[in-house]
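Please look over the sequence and the structure shown here, and then read on for a walk through some of the features that can be picked out.

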Amino acid sequence: MNVSEELIKKIVTQVLAEQGLNQGQKEDFVKHKDKSGIIHVKTDTVKCERFEQDGVALKDILTLDEAPRMGAGIMELDHTSFEWTLVYDEYDLVLDGVLEIEIDGRVVTGHKGDIIYIPKNSHIHFQTPSKTRYAYFVYPANWSELV
C-alpha cells in the first residue's frame, strides 16, 4: 500500500484537531484548545514583543475568533513608565515583579499574585522599578476598534 504525503497530512491534522491543539496557528507559545471551547495557555512560554517604546513588550494570547468578548495577553515592563488611556475595562494579574499604576498623582502597587482592576476611560501610567511581567484581561476584546 502506497501512502501519500497528503493522506498523512490529513490524518495528522485530524488527530491534532481532535486533541484541540492549535494546528495551523503561528503561535510561539503553548496553547491547548479543548473541543468544549476551554483554552489553556502556559503563560511561562509566552514571549512578548516590543510595543511602542523600549522596556515595554506584550503578546496577545487569544484571537477574536477564540474569544470575541474578552481579550487576554502578557505584558512585560522593564524599569520603565508607560502612559495609556484605557477604552476598555482591564484586570491585571502580576506574575512577577512589582507593577505600579499611577492615576491622578496616586500610585496603586501590585506584587506577584495581586490583581488590579482598571476601569474604562482611566488615564494612567503603568510603571515598574524592576522587570515586571503580568497578564492582562480586557473587555471588550476588540478594544482596538474603540480607539
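Which residues does valine 56 touch, not counting residues up to four places away in sequence? Valine 56 touches Glu49, Arg50, Phe51, Met75, Glu76, Leu77, Thr80 and Phe82, where a contact means heavy atoms within 4.5 Å. This is a predicted model, in which local features need pLDDT of at least 70 and side-chain atom pairs count only at pLDDT 80 or more, while totals for chains, interfaces and linings use all residues. Residues are numbered from 1 along each chain as its sequence is written, and side-chain values use heavy atoms, with hydrogens and water left out.

Valine 56 itself is found in strand S4 (residues 53-60), strands being DSSP runs of E with at least two residues, numbered from the N terminus. At 2% relative accessibility valine 56 counts as buried, a word that stands for under 20% relative accessible area, with exposed meaning over 50% and partly exposed what lies in between (1.4 Å probe, protein chains only). Valine 56 and aspartate 78 are 22 residues apart in sequence, and their C-alpha atoms are 6.6 Å apart in space.

The aromatic residues come next. Rings of Phe, Tyr and Trp (its six-membered ring) pair if their centres lie within 6.5 Å, and planes under 30 degrees apart count as stacked, over 60 as edge-to-face and the rest as tilted. By this rule the count comes to six aromatic pairs. The rings of phenylalanine 82 and phenylalanine 126 have their centres 6.5 Å apart and their planes at 20°, so this pair is stacked. It links distant parts of the chain, with phenylalanine 82 in strand S6 (residues 81-85) and phenylalanine 126 in strand S11 (residues 123-127), 44 residues apart. Phenylalanine 82 and phenylalanine 126 are both buried. Tyrosine 91 and tyrosine 117 form a tilted aromatic pair, 5.1 Å centre to centre and with 45° between the planes. Tyrosine 91 lies in strand S7 (residues 89-96) and tyrosine 117 in strand S10 (residues 115-118), so the pair ties together parts that are 26 residues apart in sequence. Tyrosine 91 is partly exposed at 44% relative accessibility, and tyrosine 117 is partly exposed with a relative accessible area of 40%. One aromatic cluster is formed by Phe51, Phe82, Trp84, Phe126 and Tyr134.

Phenylalanine 137 is found in strand S12 and is partly exposed, with a relative accessible area of 31%.

Some features of the backbone remain. The peptide bond from tyrosine 139 to proline 140 is cis, with omega near 0°, and proline 140 is found in the segment after S12. Aspartate 104, although it is not a glycine, has a positive phi of about 55°; aspartate 104 has its place in the loop between strand S8 (98-103) and strand S9 (106-111) and is exposed, with a relative accessible area of 63%. Asparagine 121 is not a glycine either, yet has a positive phi of about 75°; asparagine 121 is found in the loop between S10 and S11 and counts as exposed at 57% relative accessibility.

Terms used. Helix = DSSP H or I, 4+ residues; strand = E, 2+ residues; numbered from the N terminus.
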